Amino acid sequence: MIVYDRQYDVIVVGAGHAGCEAALAASRMGCATLLLTINLDAVALMSCNPAIGGLAKGHLVKEIDALGGEMGKNIDATGIQFHILNTRKGPAVRASRAQADKQQYRLRMKRILEHQEHLDLKQAEVTALHVEEGRVLGVDTRGGVRFCGRTVILTTGTFMRGLIHIGLVHYPGGRAGDIPSMGLSDHLRELGFNVGRLKTGTPARLDGKTIDFSRLEAQPGDDPPVPFSFSTERIDRPQVPCYIAYTNERSHEIIRSGLDRSPLYAGIIEGIGPRYCPSIEDKVVRFPDKDRHQSFIEPEGADTVEYYPSGLSTSLPIDIQWAFYRSIVGMERVEIMRPAYAIEYDYVDPIQLHATLETKVVQNLFHAGQINGTSGYEEAAGQGLVAGINAVLRVKGKELLVLGRDEAYIGVMIDDLVTLGTREPYRMFTSRAEYRLLLREDNADQRLRRIGHEVGLVPEEEYGRFAAKLAQIDEQLARIRQTRIAPSAMEPDFMEEYGLVGLQNAMSLDQLLRRPDVGWRDLIRLDPTIGEADARIWEQIEIQVKYQGYIDRQLEQVAKSRVLEGVRIPTGFDYATLAGLSTEVREKLAKFQPDTLGQASRIPGITPAAIAILSISLKARSSR
């Protein structure tokens, strides 16, 4: 084994969305960082849908940006259609989504990485970790080179023992066109990690020249498009439409005719697939009474004819794919440019992680992304960012960062993984967050910008703009609370429109804004200076005023839960010594090894009585 002649602070294995954020975070925080990947031409490649964001996923991207990550800026610079989802619903569940120019997204991220100070990029396949006395000291590659590092972050995606399935044909691959990583997961198993098997899939890529778009429903984006990043002023790129298509009964008949050659139903695929993103054959079998399924036909870029049919992933044989896609109205003559396929890959049980994403098995080793059982670019990027930050904090001997469930969707996701584990690809949903009124997209900067600045990822200039924004919000809030409008000063048509006829006493502007039918733009009729301020400032003010009661109640709940989160459980705590706990509870606590009392309380089957016993024992030990 040849030892490379440079010592790194952080080594990142894998250059997908998790690896990119991890490497950028580590290098931007001043650490000598190495990013290793099997294929340098596939950095930040969108293996599945060419889009960023969506329900709950948009929240993750906003949080990544607030902490100083790159994903939001990258999609703003390369997006070709932007759309805000759930605009008719409350602010807690509104979400941003954007179509990306797939190749431009990849190329821009690679350019950012290549020009980042303190960061080296190298093409190599990692086959093992160099571990001594329970501590990682570097990585070994198939080319016979050992790279030494004080910390290592594994972001292996779908590459560990990746196996691609198209019908009854299967072959090794990390994704279509890339070789898999062989040997690393076996090595992790030897180190004591619990390695499992998962499955995901992707649709075919279709030739847009052979689609009759006039027979599909056009779906334009928002005008004007709203950026993801808090640092982006506006989107100047030309926007392109997406389209809606539907399967039909003939489509479903074709699918059913090929089930005997489906690896999913023939028992060939061992891995568990994503419950919330099933293949089209899964939908047809599970919902036999549904006569059609919707698909968004999404462009893969501004300069390509390839289209991505969302919701139509499959692992059916290629001849069934030809017939199935051509059964859809508007796609009768469609040509498949890249076939759909399913892929199985290895992952590591995330209950073997601390909430910092450092492993409990090997010190200074961090896992992020699909190796932890998650699905989605956004979920991976959020973990990669946290892992990168914490690897640097470990190198610098500082306290590691743990985002709480009340602070970020990233915190909810990581806590779910390390506390509950997962047996299927984990996907973020707003329903997973108990404090989702606090965790809105619009206030991600108010929740996390300070943390990003403190760790060194948010530059002074950006943080200064953020501080100025907060000052404006506070100033305008104070002003509308103090500004009172007498009924005599209101126009009769305004009073009639908003049900104020007969009002006797003066009202403050914030009292008016609390009314469900009054928005901040309506107040311009009473105070024209409001129209001179930034709309984003007033959107924040309106949300705070209208939802203040609900927000205050959630803050009270947060304060109570923090009591449990603040009680740490010593590493290697011997639960067998605790009297009053059932054997089942002892076994679960010993298996999950929670870091805090709060984590312990969220383990399925751990009762409030057990938490009380554990709390008393911890207090007794701390008082000795």
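This is a predicted model: local features need pLDDT of at least 70, side-chain atom pairs count only at pLDDT 80 or more; totals for chains, interfaces and linings use all residues.
Visitor: At what angle do α3 and α4 pack, and how far apart are their axes?

Guide: Two packed helices are described by the angle between their axes and the distance between the axes. Helix α3, residues 71-78, packs on α4 at about 130°, with the axes 9 Å apart. The axes are lines fitted to C-alpha atoms, for helices over the stretch in contact, and angles run from 0 to 180 degrees between N-to-C directions. The two helices are therefore oblique to each other (under 35 degrees is roughly parallel, over 145 roughly antiparallel, 65 to 115 roughly perpendicular, the rest oblique).

Visitor: Which residues make the contact of α3 with α4?

Guide: Contact means heavy atoms within 4.5 Å. On α3 the residues are Met71, Lys73, Asn74, Ile75, Ala77 and Thr78, and on α4 they are Gln104, Tyr105, Arg108 and Met109. By class, the contact has five nonpolar, three polar and two charged residues (Ala, Val, Leu, Ile, Met, Phe, Trp, Tyr, Cys and Pro are nonpolar; Asp, Glu, Lys and Arg are charged; the others, Gly among them, are polar).

Visitor: How do α12 and α15 pack?

Guide: Helix α12 (residues 460-482) meets helix α15 (residues 535-546) at an angle of about 55°, with axes 10 Å apart. That makes α12 oblique to α15, and the crossing is right-handed. From α12, Lys469, Gln472, Ile473, Gln476, Leu477, Arg479 and Ile480 take part; from α15, Ile537, Trp538, Gln540, Ile541, Gln544 and Val545 do. The contact residues divide into seven nonpolar, four polar and two charged.

Visitor: How do α2 and α11 pack?

Guide: Helix α2 (residues 57-67) and helix α11 (residues 444-455) pack at about 35°, with their axes 7 Å apart, in a right-handed crossing. Lys62, Glu63, Asp65, Ala66 and Leu67 of α2 face Ala444, Asp445, Arg447, Leu448, Arg449, Ile451 and Gly452 of α11 in this contact. The classes here are five nonpolar, one polar and six charged.

Visitor: How many residues does the largest nonpolar core have?

Guide: A nonpolar core is a set of buried Ala, Val, Leu, Ile, Met, Phe, Trp, Tyr and Cys residues joined through side-chain atoms within 4.5 Å. The largest has 72 residues, and those with the most contacts inside it are Ile52, Tyr105, Leu113, Ile153, Ile389, Leu403 and Ile410. Helix α9 (residues 377-395) gives the most to this core, with 11 residues. Not counting residues up to four places away in sequence, Ile410 touches Leu60, Glu63, Ile64, Leu67, Gly382, Val386 and Leu403.

Visitor: Where is Lys199, and what does it touch?

Guide: Lys199 is in strand β12, residues 195-202, and at 8% relative accessibility counts as buried. Beyond four places in sequence, Lys199 touches Leu264, Ile269, Gly271, Ile272, Gly273, Pro274, Ala342, Ile343, Glu344, Tyr345 and Pro425. Lys199 and Ser279 are 80 residues apart in sequence and 11 Å apart in space, C-alpha to C-alpha.

Visitor: Which residues does the cis peptide bond join, and what is the phi of His118 and of Asn364?

Guide: Most residues other than glycine have a negative phi, and most peptide bonds are trans. Here a cis bond joins Asp223 and Pro224, with omega about 5°; Pro224 lies in the loop between β14 (217-219) and β15 (242-246). His118 has a positive phi, near 70°, and sits in the loop between α4 (102-114) and β6 (119-123). His118 is partly exposed, at 36% relative accessible area. Asn364 also has a positive phi, about 70°, in the loop between β19 (341-348) and β20 (365-367), but Asn364 is buried, at 9%.

Definitions and conventions
Residues are numbered from 1 along each chain as its sequence is written. Side-chain values use heavy atoms; hydrogens and water are left out. Helices (H or I, at least four residues) and strands (E, at least two) are DSSP runs, numbered from the N terminus. A crossing is left-handed if the near helix is turned anticlockwise from the far one by less than a right angle, and right-handed if clockwise. Buried means under 20% relative accessible area, exposed over 50%, partly exposed in between (1.4 Å probe, protein chains only).
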